Amino acid sequence: MTVMPMAIAKAVSFLLLTPSLLAAQAPTTVAGKPDGAVSEPPVAGETNDSAEIAQRLTNPLAAMISVPIQNWFDFNLGPRKDGFRYTMEAQPVYPVQISNDWNLLSRTTIPVVYQQNVSGRTTQTGLSDSTESLFLSPVHPPSIIWGAGPIFLIPTGTNGMLSTRKFALGPTAVALKHKGHTNVGLLASHVWSVAGSDSHPDVSETYAQPFVAYTTTKAWTFAATSYDTYNWTAGRWTAIVNPIRVSKLVKLGRQRLSVGGALRCIVTSPQYQPKGCGLEFTVTPVYPAKHE
């Protein structure tokens with residue numbers, strides 16, 4: 001693989017520095033809310049337990065400003081099965097308490113892609129399409145923690161092979177059950193294209209991500225998940241499984257972050273897309289939300 005372009009390096013720097021500014025402007029939340037709600041106890045104080053923070057990271061609705069930076073390495077692409085793709089996807093998460101009863105959580109995905117030999121002997125580098133998800137969640141959740149709202153697909157791709165060239169929207173929801181050291185849940189969404197280039201096919205995709213995660217008292221997390229997408233326009237499944245993901249919450253100076261990795265095994269995918277198993281590596285800086 002060639003040297004990472006300067007544009008990607010700049011994107012990495014921006015994504016690492018922005019959360020510090022967000023944390024400085026973090027909304028005030030009310031203390032004393034139950035575990036699993038967006039308004040939870042602060043996460044960066046010296047008295048907080050690392051295992052508790054690590055477990056909250058497995059809850060998509062937890063009250064932490066975080067920026068998971070996922071790095072995916074996929075192989076066996078293209079007509080000759082010699083293609084390669086590297087994806088760096090940042091997922092900034094920002095929670096806001098909007099009333100005494102409701103919370104709003106923003107989750108954005110920003111992918112940067114490098115790929116070669118996917119279409120002939122060519123190489124593409126740049127942004128792929130971004131998404132913005134908004135989850136409305138009750139402050140006092142029942143036994144099942146849940147959130148729901150809209151999701152938007154935004155055609156930010158800088159290359160026609162990295163973008164749908166369509167603007168799409170639809171519903172998204174997440175539900176999970178917390179018990180002891182374990183979180184079990186499902187994140188799902190569906191998007192339909194409503195505008196965009198006529199030269200690209202319409203978008204109609206269903207996405208489902210079931211997950212189970214167990215966190216030890218030493219802040220190690222062991223998780224299993226799958227990323228399942230059905231393209232209704234093409235009638236094709238893509239199913240990617242992490243049979244085991246291992247991560248550890250660590251502290252560098254005053255900064256908390258989770259570092260982890262996993263096998264990324266493709267169960268089924270369309271023609272010329274990745275086959276076999278690749279690798280996944282994730283770094284997640286964690287930032288506090290302010291409290292009264």
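## Salt bridges across the chain

The side chains of Arg121 and Asp82 meet in a salt bridge, with 2.8 Å from N to O; the term stands for a side-chain nitrogen of Lys or Arg within 4 Å of a carboxyl oxygen of Asp or Glu. This pair links distant parts of the chain, since Arg121 is in the loop between β5 (102–116) and β6 (123–127), Asp82 is in the loop between β2 and β3 (83–90), and the two are 39 residues apart. Strands (E, at least two residues) and helices (H or I, at least four) are DSSP runs, numbered from the N terminus. Asp82 is partly exposed, with a relative accessible area of 32%, where buried means under 20% relative accessible area, exposed means over 50%, and partly exposed lies in between (1.4 Å probe, protein chains only). The model is predicted, so that local features need pLDDT of at least 70 and side-chain atom pairs count only at pLDDT 80 or more, while totals for chains, interfaces and linings use all residues. Residues are numbered from 1 along each chain as its sequence is written, and side-chain values use heavy atoms, with hydrogens and water left out.

Side chains of opposite charge can pair when their charged atoms come close. By the rule given above, the count comes to five salt bridges. One of them joins Asp74 to Arg264, whose closest N and O atoms are 2.8 Å apart. Because Asp74 lies in strand β2 (residues 69–77) and Arg264 in strand β14 (residues 255–268), this pair ties together parts that are 190 residues apart in sequence. Asp74 counts as buried at 3% relative accessibility, and Arg264 also counts as buried, at 7%. Arg245 forms another salt bridge, with Glu280, and here the closest N and O atoms are 2.4 Å apart. Arg245 lies in strand β13 (residues 236–252) and Glu280 in strand β15 (residues 277–287), so this pair ties together parts that are 35 residues apart in sequence. Arg245 is buried, with a relative accessible area of 16%, and Glu280 is buried, with a value of 3%.

## Aromatic rings

Rings of Phe, Tyr and Trp (its six-membered ring) pair if their centres lie within 6.5 Å, and planes under 30 degrees apart count as stacked, over 60 as edge-to-face and the rest as tilted. By this rule the count comes to five aromatic pairs. One of them is formed by Phe73 and Tyr86, a tilted pair with 5.0 Å from centre to centre and 35° between the planes. Phe73 lies in strand β2 and Tyr86 in strand β3, so the pair ties together parts that are 13 residues apart in sequence. At 26% relative accessibility Phe73 counts as partly exposed, whereas Tyr86, at 8%, counts as buried. The rings of Phe75 and Phe84 also make a tilted pair, because their centres are 5.5 Å apart and their planes stand at 45°. Phe75 is partly exposed at 33% relative accessibility, while Phe84 is buried at 12%.

Elsewhere, ring pairs link Tyr230, Trp232 and Trp237 into a cluster. Arg264, already named for its salt bridge with Asp74, has its charged end over the ring of Trp72, 4.5 Å from the ring centre; a charge sits over a ring if NZ of Lys or CZ of Arg is within 6 Å of the ring centre and within 35 degrees of the ring normal.

## Around strand β3

Gly83 lies in strand β3 and is buried, with a relative accessible area of 3%. Although Gly83 and Gln116 are 33 residues apart in sequence, they are 5.5 Å apart in space, C-alpha to C-alpha. Leaving aside neighbours within four places in sequence, Gly83 is in contact (heavy atoms within 4.5 Å) with Asp74, Phe75, Asn76, Leu77, Gln116 and Asn117.

Most residues other than glycine have a negative phi. Lys81, however, has a positive phi near 60°; Lys81 lies in the loop between β2 and β3 and is partly exposed, with a relative accessible area of 38%.

## The chain as a whole

The protein chain holds two helices and 15 strands, and buried residues make up 47% of its 292 residues. Among its contacts with a separation of 6 or more, 57% are between residues 24 or more positions apart.
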